[in-house]
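Open the model in your viewer and keep the selection tool at hand.

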Amino acid sequence: MPKTDTALAAILESHRTVLLDHVNATIDALKAELVDDAAALPKNDKVPTFEQCQDPANKDGANLTPRGVELLYRLFDDGAGYNRASKAMGITQTAARNRKGLWEKKEGGLNRQRKFLEGIDS
């Protein structure tokens, strides 16, 4: 593959990521509007502020701590997409996308068991 084809492929993949993020955010917003079951919505969980998301206690090197994961999941609970969540937490969009998949499939999405966070919930 010539160098220009490689650059074009990278641009197309970047565009694919942007489009997928947009589609997922749109679908998440529509799902939130259609939820009739109040039990499925988050209860009394505070949405973390940008400053709380940037706290060094949320990361252990390049990895999120359990506190950082809970903050990220709360952003997803609030309807955040990959872009917003990744910028708030200081992680890559790929990492945010992977965590959102875990949030949906393993944790139960909006029905997940939420954890108490010292300094935020108190």
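Helices (H or I, at least four residues) and strands (E, at least two) are taken here as DSSP runs, numbered from the N terminus. This is a predicted model, in which local features need pLDDT of at least 70 and side-chain atom pairs count only at pLDDT 80 or more, while totals for chains, interfaces and linings use all residues. Residues are numbered from 1 along each chain as its sequence is written, and side-chain values use heavy atoms, with hydrogens and water left out.

**The whole chain**

Now show the surface: the accessible area, computed by the Shrake-Rupley method with a 1.4 Å probe and, for residues, with only the protein chains shown counting as cover, comes to about 8000 Å², of which 58% belongs to carbon and sulfur atoms. A residue is called buried under 20% relative accessible area, exposed over 50%, and partly exposed in between (1.4 Å probe, protein chains only); of the 122 residues, 27% count as buried.

**Helix α3**

Select residues 66–77, which form helix α3. This helix has 12 residues and reaches 16 Å from its first C-alpha to its last, close to the 16 Å expected at 1.5 Å a residue, where the expected span is 1.5 Å times one less than the number of residues. How many of the 12 residues of α3 are buried? The helix is mostly covered, with 10 of them buried, including E70, Y73 and F76. These buried residues pack against α2 (50–53), β2 (63–64), α4 (82–89) and α5. Just after α3, look for G79, which takes a positive phi of about 95°.

**Helix α5**

Next select residues 93–105, helix α5.

**Rings and charges**

Show the side chains of F76 and W103, both of which are buried. Rings of Phe, Tyr and Trp (its six-membered ring) pair if their centres lie within 6.5 Å, and planes under 30 degrees apart count as stacked, over 60 as edge-to-face and the rest as tilted. By this rule there is one aromatic pair. The rings of F76 and W103 have their centres 5.7 Å apart and their planes at 50°, so the pair is tilted. The pair links distant parts of the chain, with F76 in α3 and W103 in α5, 27 residues apart.

A charge sits over a ring if NZ of Lys or CZ of Arg is within 6 Å of the ring centre and within 35 degrees of the ring normal. R97 lies over the face of Y82, at 5.0 Å from the ring centre, and the charged end of K100 sits over the ring of Y82 as well, 5.6 Å from its centre.

**Last stop**

Finally, select R112, in the segment after α5. Is R112 buried or exposed? R112 is buried, with a relative accessible area of 4%. Contact means heavy atoms within 4.5 Å, and, leaving aside neighbours within four places in sequence, R112 is in contact with E70, Y73, R74, D77, W103 and E107.
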